Structures are given as C-alpha cells and as structure tokens.
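Subject: Structure handover

Hello,

Here is the structure I said I would pass on. My notes on it follow below.

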Amino acid sequence: MVLIEIRKKGEGKTYYSRKKTKRNKNVDPGRLRHELELYRQNGVSLNLEGWPSNPSEIVRAHLIAESGSYMRDYEQDEKGAIRKIDFDKIRMI
C-alpha cells in the first residue's frame, strides 16, 4: 500500500489517498533520481503536473503510474539553456 499525494490546482490544498499500486517496471528509480538531482543542482526547476516538485516526488509518481506515463516538457531561457522541466501525465488511447 502506498500513500499518494493528490494536489488540486487552484485550491491550495493537498489530499492524501491510500491505494494499492504496482511498480512501473520501465523506470530505473536510481538513474532517474540522479538525473533529476543534477538538474536541480544546476538551477533547473522541476514541476509535476503543474506544481513545484522535487526528485523524490517525481520518481515516486513514475513508479506508481498505472494507466500511462509522464512526458517531459522542457522550457529554455533566452540563451537556450534548460530552466524548467514539467512532468505531465499522459494516457495512451
């Protein structure tokens, strides 16, 4: 059983839910966490579903994603350097 944090945009509230989940086998959590830590150390903002996030939350979301996966949306500054990465959940139809 995993405790899942659910945030609703615009309400400023966080809800928690308990749910049985299966681990997503397509994700190497150690490798992803390391990559995200490097981005964060270099000043890149990380967002999950439109909310500020951290590597641990993003890795957890990838691991428990049951009906889809996460797509990265990179935002660059005027010099072309990555300044923000948004992780948005997508579902296959």
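Four strands form an open sheet in the order 4-3-6-5, and the pairing in it is mixed. Strand 4 and strand 5 are the edge strands; each has a single partner strand, so one side of each has no neighbour in the sheet. Please keep in mind that this is a predicted model.

Strand 3 runs parallel to strand 6, and the two are joined over 4 bridges. Strand 5 (residues 69-76) and strand 6 (residues 82-90) are antiparallel to each other, over 8 bridges. Here R72 has F87 of strand 6 as its bridge partner. The hairpin of strand 5 and strand 6 has 5 residues between the strands, and G80 in this hairpin has a positive phi near 95°.

For orientation, the protein chain has 2 helices and 6 strands. Along the sequence they follow the pattern β-β-α-β-β-α-β-β. The chain has 93 residues, of which 27% count as buried. Its accessible surface is about 6,900 Å², and carbon and sulfur atoms account for 47% of that. Among contacts with a separation of 6 or more, 42% are between residues 24 or more positions apart.

Next, the core. The largest nonpolar core contains 15 residues, and L36, L46 and F87 have the most contacts inside it. Helix 1 (29-41), strand 3 (45-48), helix 2 and strand 6 are the elements that each give two or more residues to this core. The largest contribution is that of helix 2, with 4 residues.

How much of helix 2 is buried? Of its 10 residues (55-64), 8 are buried, so the helix is largely enclosed by the rest of the structure. The buried ones are P55, E57, I58, V59, A61, H62, L63 and I64. At the start of helix 2, a side-chain oxygen of N54 comes to within 3.0 Å of the backbone nitrogen of S56.

F87 deserves a separate look. Neighbours within four places in sequence aside, F87 is in contact with L36, L46, N47, L48, E49, I58, H62, Y70, M71 and R72. Two of the loops can be described by their position relative to this residue.

- E49 is in the loop between strand 3 and strand 4. Its C-alpha is 6.0 Å from that of F87, while the two residues are 38 apart in sequence. E49 is not a glycine, yet it has a positive phi of about 55°. Its relative accessibility is 34%, so it counts as partly exposed. A polar atom of the E49 side chain lies 2.5 Å from the backbone nitrogen of K89.
- S53 is in the loop between strand 4 (51-52) and helix 2. S53 and F87 are 34 residues apart in sequence, and their C-alpha atoms are 9.6 Å apart. Is S53 buried or exposed? It is buried, because its relative accessible area is 17% and the cut-off for buried is under 20%. Beyond its neighbours within four places in sequence, S53 is in contact with L46, N47, L48 and I58.

Finally, the confidence values. The mean pLDDT of the protein chain is 79, and 70% of the residues reach 70 or more. Among the elements, strand 3 has the highest mean pLDDT (97) and strand 1 (residues 2-7) the lowest (45). Over residues 1-8 the pLDDT is below 50, and this stretch has 32 contacts in the model beyond near neighbours in sequence. Residues 14-21 also stay under 50, and the model has 27 contacts for them beyond four places in sequence.

Regards

Technical notes: Residues are numbered from 1 along each chain as its sequence is written. This is a predicted model: local features need pLDDT of at least 70, side-chain atom pairs count only at pLDDT 80 or more; totals for chains, interfaces and linings use all residues. Side-chain values use heavy atoms; hydrogens and water are left out. Buried means under 20% relative accessible area, exposed over 50%, partly exposed in between (1.4 Å probe, protein chains only). A polar contact is a pair of N or O atoms within 3.5 Å; within protein, one must be able to donate a hydrogen and the other to accept it, and residues adjacent in sequence count only if both atoms are side-chain atoms. Two strands pair if DSSP finds at least two bridges between them. A nonpolar core is a set of buried Ala, Val, Leu, Ile, Met, Phe, Trp, Tyr and Cys residues joined through side-chain atoms within 4.5 Å. Contact means heavy atoms within 4.5 Å. pLDDT is the predictor's confidence in each residue, from 0 to 100. Accessible areas come from the Shrake-Rupley method with a 1.4 Å probe; for residues, only the protein chains shown count as cover.
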